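Work through the exercises below with the sequence and the 3D view at hand. Each task is followed by its solution.

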Amino acid sequence: MKYLIHASLIALSLSLTAASHAGLDLEVPSINIPDLGNPANNTLSSTQESLLGTKLIRELRGNDPIVEDPELSGWLRALGNRLATHAPVAAIITF
């Protein structure tokens, strides 16, 4: 009996709360986020992208020391391969 009274009071208070908020006009705040662009608007072809990647790798290897850790390299290669399986275009991707 006690449970029924508590349940009834909770249901009544929820319905009154919902009814009092039904007339409110709540505005959603505008959120200013940067436009990251659309992948369909790529400015590089896949060949140009590949050439740019090769050029950047050569520059990196020529300037700064590179960590040669087999375990880290294996982990990064596995992560890259997992990501590449979801690429929209089948391409040869090297990690």
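**Exercise 1.** Find the residues that make a nonpolar surface patch of about 420 Å².

Solution. The patch is made by Val67, Leu72, Trp75 and Leu76. Patch residues have over 30% relative accessible area and no salt bridge, and nonpolar side chains (Val, Leu, Ile, Met, Phe, Trp, Tyr) are joined within 5 Å. A salt bridge is a side-chain nitrogen of Lys or Arg within 4 Å of a carboxyl oxygen of Asp or Glu. Accessible areas come from the Shrake-Rupley method with a 1.4 Å probe.

The model is predicted: local features need pLDDT of at least 70 and side-chain atom pairs pLDDT 80 or more, while totals for chains, interfaces and linings use all residues. Residues are numbered from 1 along each chain as its sequence is written, and side-chain values use heavy atoms, without hydrogens and water.

**Exercise 2.** Is Leu72 buried, partly exposed or exposed?

Solution. Buried means under 20% relative accessible area, exposed over 50%, and partly exposed in between. Leu72 has 38%, so Leu72 is partly exposed. Leu72 lies in helix 3, residues 70-84.

**Exercise 3.** Check the span of helix 3.

Solution. The expected span is 1.5 Å times one less than the number of residues. For the 15 residues of helix 3 this gives 21 Å, and the end C-alpha atoms are 21 Å apart, which agrees. Helices are DSSP runs (H or I, at least four residues), as are strands (E, at least two).

**Exercise 4.** State the secondary structure of the chain and where confidence is lowest and highest.

Solution. The chain has 3 helices and 0 strands. The pLDDT is the predictor's confidence in each residue, from 0 to 100. Confidence is lowest in helix 1 (residues 2-22), at a mean of 61, and highest in helix 3, at 89. The chain averages 74.

Definitions and conventions. Patches are made of residues with over 30% relative accessible area and no salt bridge: like charges are joined within 9 Å, nonpolar side chains (Val, Leu, Ile, Met, Phe, Trp, Tyr) within 5 Å. Buried means under 20% relative accessible area, exposed over 50%, partly exposed in between (1.4 Å probe, protein chains only).
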